[in-house]
Amino acid sequence: MSASQEVAMTDATHAHTLLAGAQRAAAQARARSRASWFPLVVFGLVILGSLPLFVYPEPVDGFSYSSSRLDGVLGGWFLSDFGRWVAVYWLVALPLGYFTTAAYFRRRARRTGLASRPGPLVLTGVLLLAMLVVVSLQSYVGIVPGNLVVRGLSPLLTVAVGLIVLAVSDRSPALGVIALAFLGISLLVNLYDLVNLMYRLGWEVPYRFDTWPNVVFPGAFLLVCGLVLRRRQQTP
Amino acid sequence: VTGHPITGLDEVVHQRIRLGVLSIAHATPRVEFGYLQETLELTPGNLSRHLQVLEEAGLVRTEKGYDGRRPRTWVQLTRAGRHALRRELDHLKQIIATVEDTVIPDD
């Protein structure tokens with residue numbers, strides 16, 4: 001090896017050491033700053049917390065669909081007016097979920113010395129929820145496809161999009177896969193009654209709890225994914 | 001980049017500690033002084049000097065505040081810092097690639 005080649009080798013070794021050190025420090029900081037398990041658990045609990053509202057009242061003579069526009073998009077079309085309470089629940093619980101997430105991220109940043117970005121999730125989620133409210137109040141028919149809003153679960157789509165945005169800003173492939181799967185699940189439970197599938201499998205669900213599978217599935221999915229991710233993100 | 005990649009290196013960034021600071025600051029929106037000090041195994045004075053060099057070059061921004069009664073300094077990468085880091089990493093990769101091409105013979 002010539003003298004110039006030896007110098008080049010020394011430069012390359014130094015460059016390799018610098019590069020490896022920089023990449024290791026960045027990866028460690030990124031891993032330690034991630035707390036994306038938290039919103040998954042929070043929104044899983046928020047969704048499951050809505051279960052008591054999705055109980056049909058005892059059958060009465062005659063049908064009356066929920067008449068308020070807000071109930072229709074946020075709370076669904078049901079054979080009673082309990083959609084109104086579902087709408088109120090989403091309007092209170094989802095912003096509270098975003099607020100809790102932002103507060104947790106801030107607290108964690110103070111503890112670890114590494115800030116993370118709750119902004120993209122919070123902004124996307126709150127803006128989409130606000131858009132859903134505006135659409136509800138302005139023009140009910142035509143803008144939002146009816147099939148997508150009849151079950152009172154359309155706010156789940158806003159959470160799903162928010163989580164996708166968080167996955168991108170966090171550069172987290174694991175969260176990206178979970179968020180995309182949750183978007184698929186949210187579309188499914190908004191468009192299809194899972195109780196039909198359960199009947200086909202021979203599982204009897206009492207009439208009053210017909211909607212529960214559509215609420216339990218997305219809620220439990222987020223909760224389980226959040227707890228699994230928590231283990232991964234808290235393991236050094 | 002023209003010429004040997006080593007000629008394109010930025011003296012401010014081409015240094016283990018400062019490159020470490022920029023890499024960590026790039027991985028997260030803001031990083032606290034204490035985390036940098038612990039991770040890079042530096043004394044407060046030593047880290048302060050490196051941060052001063054980076055700040056004077058416009059590559060990082062520091063923000064001082066309090067968490068309760070405890071003083072805190074947060075470090076944030078600037079746009080110029082992001083570009084400088086990207087350039088430095090590209091140069092380092094080019095140096096390694098150049099040596100692999102010229103010194104290590106093909107099979």
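How many salt bridges are counted between chain B and chain A? The count is one. The model in view is a predicted one, and this pair makes a handy way into it.

The bridge joins A:R110 to B:D67, and the closest N and O atoms of the two sit 3.5 Å apart. On the chain B side, B:D67 belongs to strand β2 (residues 60-67), while its partner A:R110 lies in helix α4 (residues 83-112) of chain A, so the pair crosses between chains. Over all chains, a search of the whole structure turns up six salt bridges.

Now for the rest of the interface. Here 28 residues of chain B are in contact with 30 residues of chain A. The size of an interface is often given as the accessible area lost when the parts come together. For chain B and chain A, that buried area is about 2300 Å², with 70% of it on carbon and sulfur atoms. Polar contacts show up as well: six residue pairs, both residues at pLDDT 80 or more, are counted between the two chains.

Which elements of chain B give two or more residues to the side that touches chain A? They are α1 (16-27), β1 (31-32), α2 (33-39), β3 (70-77) and α4 (79-102). Of these, α4(B) brings the largest share, eight residues. Sorted by class, the side of chain B that touches chain A has 14 nonpolar, seven polar and seven charged residues.

Within chain A, a pair of helices is worth a look too. Helix α8 (residues 173-191) and helix α10 (residues 212-234) of chain A pack at an angle of about 175 degrees, and their axes are 9 Å apart. Because angles over 145 degrees count as roughly antiparallel, α8(A) is roughly antiparallel to α10(A). From α8(A), the residues making the contact include A:A174, A:L175, A:I178, A:F182 and A:I185. Facing them from α10(A) are residues including A:F217, A:P218, A:F221, A:L222 and A:R232.

How values were computed. Residues are numbered from 1 along each chain as its sequence is written. Chains are lettered from A and ligands numbered from 1 in the order in which they are written. This is a predicted model: local features need pLDDT of at least 70, side-chain atom pairs count only at pLDDT 80 or more; totals for chains, interfaces and linings use all residues. Side-chain values use heavy atoms; hydrogens and water are left out. Axes are lines fitted to C-alpha atoms, for helices over the stretch in contact, and angles run from 0 to 180 degrees between N-to-C directions. Helices (H or I, at least four residues) and strands (E, at least two) are DSSP runs, numbered from the N terminus. Angles under 35 degrees count as roughly parallel, over 145 as roughly antiparallel, 65 to 115 as roughly perpendicular and the rest as oblique. Contact means heavy atoms within 4.5 Å. Buried area is the accessible area (1.4 Å probe) that two parts lose on being put together, summed over both. A salt bridge is a side-chain nitrogen of Lys or Arg within 4 Å of a carboxyl oxygen of Asp or Glu. A polar contact is a pair of N or O atoms within 3.5 Å; within protein, one must be able to donate a hydrogen and the other to accept it, and residues adjacent in sequence count only if both atoms are side-chain atoms. Ala, Val, Leu, Ile, Met, Phe, Trp, Tyr, Cys and Pro count as nonpolar, Asp, Glu, Lys and Arg as charged, and the others, Gly among them, as polar.
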